[in-house]
Structure formats: C-alpha cells, structure tokens
Amino acid sequence: NPRKFLTAPEGESLNWPVWSPDGQRIAYVRYHGSEASIESRNLKGEELTTILSDPKFRAGGPWWFPNGRLLFTASESEANQNDSSLWEIQVDPVTGLSLSSPRRITKWAGIGVWVLNGTTDGKRLAVQKVSAQWDVFVGEWEAKGRQLKPPRRLTFDERNDFPSAWTRDSQAVLFTSDRNG
C-alpha cells in the first residue's frame, strides 16, 4: 500500500531516493534551483539529517552501500559543465549523519552520470552515463506548410548550441552556445 513519504515545498524538488543498508532510512537529493543537498529520514519521514549541503555540489543519483559508504554523482562547475564526477562520503546508516568529508573517486570528461546502482554485497557499482550533443538545424516547409523538408545542420562543431529566434528579415538564426565553456 503506497503512502506519502515526503512533499517538497514549492520551488524545490526531491529526487533519487535510495534505501539505507539496513532499510530503516531513505536518502534522497533535494534540489532548490541549481543547488542540491543530500538528506535522509527514517521511514516515518522524520529525523531529518543533512548528509551533504555544499553549493559546489550539484548532486545526483546516490547509492548507499552496506558498509555505510554513500556514493553520488556531481556535475562540474560551469567551465566544465559537460563533465561529471563520482564522489563518496561515509554515512552512519542508523542515524544518517555523515562521518567523513566528501572525496572524489573519478571524473568523466564530456559525460553526465545520473543513476547509480550497486550490488547488495557492495562489490559492484553500475552507472548510467549520458552524453548529449545539441546542434541547430534549419528546416523548410514544403508548399502549403504541411510537410517539413529534411532539415540541414547549421552548426558543425563539438559545442552545445541552442536556437532561440530568427532575425526580423528571416535571413539568420540567433542561437546560444557553450563555445567558451
């Protein structure tokens, strides 16, 4: 029988819930704008503990191993916004309190890592790595505007480009790009 565990206040969201090793707490990521914190609560939704709250971490996808080791992903700063890294922090599975400072395990360039999942014995970790390339394409309508001709690519680089508008004379497309990071 499902029951409500927790509701995020307006302007915030909760994501990536994961069980503590003993099944008595749930850890999750709380997002407020671009900032994220990792929190945990007991099964009644009480006894809030903040495991990690640091503006430099835009955390995602935690996984709590049997030895109390909590792994999580983090996006890098804006200069390296397409990179992500894997971090660990030791957490008391009973109280949900952090017992160590976060430590980076590895960094992936050009890859986003969102979801973590581990084996119950704590010996293996699975990660979901995501890579996206955003480009601008221009399409032209067939006669009467009912079918689109095959679009042609407008941007030909490795950067992420986002179209936003046409100029008034319809001769050029305005777009933003992360060419400078």
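**Exercise 1.** Which residues have the most contacts inside the largest nonpolar core, and how many residues does this core have?

*Solution.* Begin with the term: a nonpolar core is a set of buried Ala, Val, Leu, Ile, Met, Phe, Trp, Tyr and Cys residues joined through side-chain atoms within 4.5 Å, where buried means under 20% relative accessible area, with a 1.4 Å probe and protein chains only. In this predicted model, the largest such core has 24 residues, and Ile 38, Ile 51, Leu 70 and Phe 72 have the most contacts inside it. Next, look for the elements behind the core: those giving two or more residues include β2, β3 (35-42), β4 and β6 (69-75), and β6 gives the most, with four residues. Strands here are DSSP runs (E, at least two residues), numbered from the N terminus.

Residues are numbered from 1 along each chain as its sequence is written. Local features need pLDDT of at least 70 and side-chain atom pairs count only at pLDDT 80 or more, while totals for chains, interfaces and linings use all residues, and side-chain values use heavy atoms, without hydrogens and water.

**Exercise 2.** Work out the strand order of the open sheet and find its edges.

*Solution.* The four strands follow the order β1-β2-β3-β4 with antiparallel pairing, two strands being paired if DSSP finds at least two bridges between them. Because β1 (12-19) and β4 each have a single partner strand, they stand at the edges, and one side of each is left without a neighbour in the sheet. Finally, β1 and β2 (residues 25-32) pair over six bridges, and Asn 15 stands opposite Val 29 in β2.

Key. Buried means under 20% relative accessible area, exposed over 50%, partly exposed in between (1.4 Å probe, protein chains only).
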